[in-house]
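The sequence and the model are shown first.

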Amino acid sequence: AEEEDSVTCLSFLLDFLKDQQTNQVLFYSDICVLIDILLREMDQDLENDKNILYWAVLVVHSILKLPEFSQKPYRVTDIRSLLERFGTTNLANKRTGLAAGNTLLDCFSVLSNT
């Protein structure tokens, strides 16, 4: 039940971030707090829950695409490090492997331009 709640929350957050109208209500400080929380939670879950991590990577990807992040990047080194750990530990399962890999590649591409 806890995993399902986490995935539901991350799914909602992903929808919120991807929508042009709703993501405009975020301030830069909100984005920084989201990054702090995601980094902390992903680091704790890195070896435990593949499904939650997959959703968290999707949320990080959406944050990286926000104009506010590209204008003033935040904790880029920490994000890159955690995404590298995620990728190298092969946590993506067969169902999400390709999608996770493509999302990670795009995250690294965005981060390399910051």
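## Basis and overall fold

This is a predicted model, in which local features need pLDDT of at least 70 and side-chain atom pairs count only at pLDDT 80 or more, while totals for chains, interfaces and linings use all residues. Residues are numbered from 1 along each chain as its sequence is written, and side-chain values use heavy atoms, with hydrogens and water left out.

The chain has six helices and zero strands, and along the sequence the pattern reads α-α-α-α-α-α. Helices (H or I, at least four residues) and strands (E, at least two) are DSSP runs numbered from the N terminus. Of the 114 residues, 39% count as buried. Here buried means under 20% relative accessible area, exposed means over 50%, and partly exposed lies in between (1.4 Å probe, protein chains only). Among contacts with a separation of 6 or more, 75% join residues 24 or more positions apart; a contact means heavy atoms within 4.5 Å.

## The nonpolar core

In soluble globular proteins, nonpolar side chains tend to be buried together. A nonpolar core is taken here as a set of buried Ala, Val, Leu, Ile, Met, Phe, Trp, Tyr and Cys residues joined through side-chain atoms within 4.5 Å. The largest such core has 33 residues, of which I63, I79 and L83 touch the most other members. At least two residues of this core come from each of α1 (2–18), α2 (28–45), α3 (50–64), α5 (76–88) and α6 (97–112). The greatest contribution is that of α3, with 10 residues.

Leaving out residues up to four places away in sequence, I63 touches L17, I31, L34, I35, L38 and F69. The C-alpha atoms of L38 and V60 are 7.6 Å apart in space, although the two residues are 22 apart in sequence.

## Helices α1 and α3

The expected span of a helix is 1.5 Å times one less than its number of residues. For the 17 residues of α1 this gives 24 Å, and the end C-alpha atoms are 24 Å apart, which agrees. The 15 residues of α3 should span 21 Å, in agreement with the 21 Å between its end C-alpha atoms.

The buried residues of α1 are V7, L10, L13, L14 and L17. Seen down the helix axis, these buried residues fall within an arc of 125° (taken from the directions from the axis to the C-beta atoms), so they line one face of α1. The face turned away from that side carries the exposed residues E4, D5, F12 and D15. Helix α3 is mostly covered, with 13 of its 15 residues buried.

## Aromatic pairs

The structure holds two aromatic pairs. Rings of Phe, Tyr and Trp (its six-membered ring) pair if their centres lie within 6.5 Å; planes under 30 degrees apart count as stacked, over 60 as edge-to-face and the rest as tilted.

| Pair | Centre to centre | Angle between planes | Class |
|---|---|---|---|
| F12 and F16 | 6.4 Å | 35° | tilted |
| Y54 and W55 | 6.3 Å | 80° | edge-to-face |

F12 and F16 are separated by about one helical turn because they are four residues apart in helix α1. F12 is exposed at 57% relative accessible area, and F16 is partly exposed at 21%. In the other pair, Y54 is buried at 13% and W55 is partly exposed at 21%.

## Loop residues and cysteines

N23 sits in the loop between α1 and α2 and is buried, with 9% relative accessibility. Not counting residues up to four places away in sequence, N23 touches F16, L17, K18 and L66.

R75 is found in the loop between α4 (67–71) and α5. The phi of R75 is near 55°, a positive value in a residue other than glycine, and R75 is partly exposed at 32%.

The structure holds zero disulfides, a disulfide being a pair of cysteine sulfur atoms within 2.5 Å. C9 is partly exposed, with a relative accessible area of 49%, whereas C107 is buried at 0%.
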